[in-house]
Amino acid sequence: MQTLIRECKSGVPENVISAANREKTDGEKLAQAIANGRAVVCGNKRREHTLCAIGENCSVKVNVNIGTSGARCDPALELKKAECALKEGADAIMDLSTGGDLSAIRKEILKLDTTVGTVPVYEAVRRAGNALDVDADLLFNVIRDHCRQGVDFLTLHCGVTLETLKALRDDKRVMGVVSRGGAFHTAMMASSGEENPLYSEFDYLLEILAEDDVTISLGDGMRPGAMVDAVKRAKTVEYLNLGELSKRSLDAGIMRMIEGPGHIPIHQIEYNVKMIKELSGYAPLYLLGPLVTDIVPGYDHVSGAIGGSIAAVSGADFLCMVSPSEHLALPDIDDIREGTRVAKLAAHVGDTVRMKERWFETGEAQMAEARRDLDWERQFSLAIYGEHAKKIHERDGDIETCSMCGDLCAVKIVRDML
């Protein structure tokens with residue numbers, strides 16, 4: 001079955017050229033990276049939308065999670081949140097809905113002109129009534145439904161296995177399992193004593209994905225949910241599983257991304273990123289955060305942006321937005337807006353390494369000149385979120401300098417002297 005990886009091994013497809021043009025890179029170079037498994041362009045064959053490239057020689061991308069819950073189910077609001085995220089610069093949307101008519105909600109999200117991902121096991125649990133009643137047939141049927149509906153990439157927790165369950169029991173963690181998908185599969189295995197079907201029947205799963213060329217995002221079901229759990233063994237066992245599955249995916253011609261690593265101290269980010277990259281054959285790496293402290297609820301988006309910047313500089317390719325309401329509540333539109341903005345900031349910082357000298361052409365060099373000249377309108381036009389900056393500057397009226405220094409402005413004094 002023809003997939004994008006196989007197409008890129010024999011030429012440069014038109015959709016790859018389009019994605020490369022948006023990256024200001026060469027189509028042949030991007031096609032080579034896709035063929036080697038170091039980049040992906042997630043695009044379900046059943047659905048047309050603007051494609052974005054993720055991985056080697058591409059800018060760092062940002063995903064934003066939206067979706068209903070059992071406690072708050074307002075599909076119209078979730079659509080508005082998705083539209084807000086895209087307006088603020090998100091490159092992809094994940095629909096993580098668990099409340100309401102999940103197929104209908106997904107149908108509306110898929111009308112947006114963007115890359116869309118889902119986590120099928122959530123719907124499988126809803127259909128079954130609880131995680132313990134989910135069997136392989138139901139799970140694979142839900143996955144097939146998502147593919148046929150047009151979803152571009154699926155988070156699937158294939159690396160959560162009986163081996164990771166043993167590691168979880170042998171090297172106990174304070175927070176246990178914080179990934180919903182990871183928890184569902186752990187509960188299924190603990191109850192039945194049988195292997196995770198996404199692992200034991202992985203080849204069959206790849207056949208389903210190949211039908212519509214859907215990208216697999218190998219989920220981090222054992223990611224630590226607290227700093228104190230960062231060095232526990234379950235995470236490392238899952239890394240090894242994901243490395244194996246990454247190779248099998250590539251050999252089957254299926255594009256894949258790897259997810260990780262959760263809550264980890266700041267000094268552990270670089271080697272975790274490099275370890276995952278090496279184990280996975282340098283597959284694109286997709287991260288939530290990572291969060292670098294556990295004691296700032298309400299500001300977890302900032303914690304995630306700090307970790308995301310370091311991860312991106314170290315080689316991560318795709319950052320998932322963390323909202324201010326993380327660990328507290330379902331995000332509202334303001335949370336989505338703020339979380340997306342700081343995630344975009346982290347991605348831009350990550351591009352410092354990828355773009356090298358070209359990074360200064362993104363507005364950095366021009367901003368220095370505009371600030372030297374005290375040219376406020378130019379500063380606002382160069383800023384990623386210029387309207388927000390303008391509102392802050394105008395709080396104290398129309399003055400030549402900012403009101404912090406006023407007539408003692410260092411820039412103005414030295415500029416006028418020289």
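1. Start with a definition. Buried means under 20% relative accessible area, exposed means over 50%, and partly exposed lies in between (1.4 Å probe, protein chains only). Q268 is buried, because its relative accessible area is 8%. This residue is found in the loop between β8 (256-260) and α13 (269-279). Helices (H or I, at least four residues) and strands (E, at least two) are DSSP runs, numbered from the N terminus.

2. A note on the source. This is a predicted model, where local features need pLDDT of at least 70, side-chain atom pairs count only at pLDDT 80 or more, and totals for chains, interfaces and linings use all residues. Residues are numbered from 1 along each chain as its sequence is written, and side-chain values use heavy atoms, with hydrogens and water left out.

3. What does Q268 touch, not counting residues up to four places away in sequence? The answer is A230 and V231. Contact here means heavy atoms within 4.5 Å. Look also at A311. Q268 and A311 are 43 residues apart along the chain, and 9.8 Å separates their C-alpha atoms.

4. Now the whole protein. Its secondary structure comes to 19 helices and 10 strands. The C-alpha trace spans about 75 × 50 × 40 Å along its principal axes. For 418 residues, a compact globule would have a radius of gyration near 22 Å, and the protein agrees, with 22 Å. That radius is taken over C-alpha atoms, and the globule rule is 2.2 Å times the number of residues to the power 0.38.

5. Of the 418 residues, 54% count as buried. Take the contacts between residues at least 6 apart in sequence: 72% of them join residues at least 24 apart.

6. Next, the inside. A nonpolar core is a set of buried Ala, Val, Leu, Ile, Met, Phe, Trp, Tyr and Cys residues joined through side-chain atoms within 4.5 Å. The largest has 97 residues, and L30, I34, I143, L205 and L209 have the most contacts inside it. Apart from it lies another core, of 8 residues, including L165, M189, M222 and A234. In soluble globular proteins, nonpolar side chains tend to be buried together.

7. Is Y299 buried or exposed? Y299 is exposed, because its relative accessible area is 56%. The loop between β9 (285-288) and α14 (300-314) holds Y299.
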